[in-house]
Amino acid sequence: MRTFLVLFQKEWRENTRNFKLLWIPLVFVLFGITEPVANYYMPQILSSVGNLPEGTVIQFPPMTPEQILMSTINQYQLIGMLVVTLAFAGLVSRERKNGTATLLYVRPISFTDYVSSKLAVMSIIVVGSFIIGIMASLYYTSILFGTIEFSSFFGFLGTYIIWLLFVVSIVLFSSAAFSTGIASTISVILVIFVQFVDGLLGTYWTISPWKLPMYAGLVLNGDIPHSSFMWSMLITILVIGILLIGAVYFAKKNIFKAKI
């Protein structure tokens with residue numbers, strides 16, 4: 001436990017120095033605020049900059065608070081996940097490359113503690129950024145569009161947090177197993193590209209970790225297919241465990257790749 005705490009403090013200081021504790025939450029907050037505000041004022045924005053004939057009235061179908069939150073999630077699914085994958089793709093591999101890992105490996109540390117400390121800090125930053133951002137979105141949504149039932153919101157929140165932990169596990173595993181460049185590519189493919197494939201072909205299956213963002217929206221609307229949802233959650237948690245075990249294994253196996 002003492003080793004874990006020392007490594008956790010090291011990771012925390014490092015992410016403080018490179019300002020990830022600042023700019024990643026700001027990205028999520030920015031999109032969290034922008035989405036409800038932009039949707040609310042969109043008719044006025046188009047009227048003022050759209051070069052439309054005088055007297056033209058633009059009307060959009062009213063959006064529900066649930067739709068606004070899911071619109072925010074759509075932004076997180078692309079820009080947010082791209083930020084997360086690229087920001088943390090070198091979490092383990094960069095230490096091997098710059099020689100930092102060598103200073104750690106010569107000490108009697110547990111690789112489980114080593115990976116766990118990185119997982120803990122990354123999860124705090126990513127999940128914390130999402131919670132801050134979505135709460136900002138919820139605040140402006142409640143002012144501009146109406147309130148959301150809290151039980152549904154917390155179910156939605158929990159479902160999406162499991163998805164974020166799945167993303168964190170993919171990035172951590174890729175960084176432990178590969179170089180930074182390859183880890184970035186694999187993470188982007190698995191997190192973002194597979195989402196597009198699932199969106200195009202996903203009607204042929206209902207159980208998948210990549211379905212969780214969609215199920216989060218269904219939880220928010222109170223229209224959730226319980227069997228498929230529960231199986232997707234269980235499989236996702238199982239895959240997270242496998243990825244973390246793999247991250248520990250490859251962190252230990254790739255010791256010889258560390259720069260001396």
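Colleague: Hi! What should I know about the model first?
Modeller: It is predicted, so local features need pLDDT of at least 70 and side-chain atom pairs count only at pLDDT 80 or more, while totals for chains, interfaces and linings use all residues. Residues are numbered from 1 along each chain as its sequence is written, and side-chain values use heavy atoms, leaving out hydrogens and water.

Colleague: Thanks! How many helices and strands does the protein have?
Modeller: There are 10 helices and zero strands; these are DSSP runs numbered from the N terminus, with helices being H or I of at least four residues and strands E of at least two.

Colleague: And how much of the protein is buried?
Modeller: Buried residues make up 45% of the 260 residues, where buried means under 20% relative accessible area with a 1.4 Å probe, protein chains only.

Colleague: Switching to Glu66, which helix is it in?
Modeller: Glu66 lies in α3.

Colleague: Which side chain of opposite charge is nearest to Glu66?
Modeller: That is Lys211, 22 Å away; Glu66 is buried yet has no salt bridge (a Lys or Arg side-chain nitrogen within 4 Å of an Asp or Glu carboxyl oxygen).

Colleague: Now the largest pocket: which helix gives the most to the lining?
Modeller: α8 does, with five residues. Also, α3 (65-88), α8 (180-201) and α9 (212-221) each supply at least two.

Terms used. Buried means under 20% relative accessible area, exposed over 50%, partly exposed in between (1.4 Å probe, protein chains only). Lys and Arg count as positive and Asp and Glu as negative; His and the chain ends are not counted.
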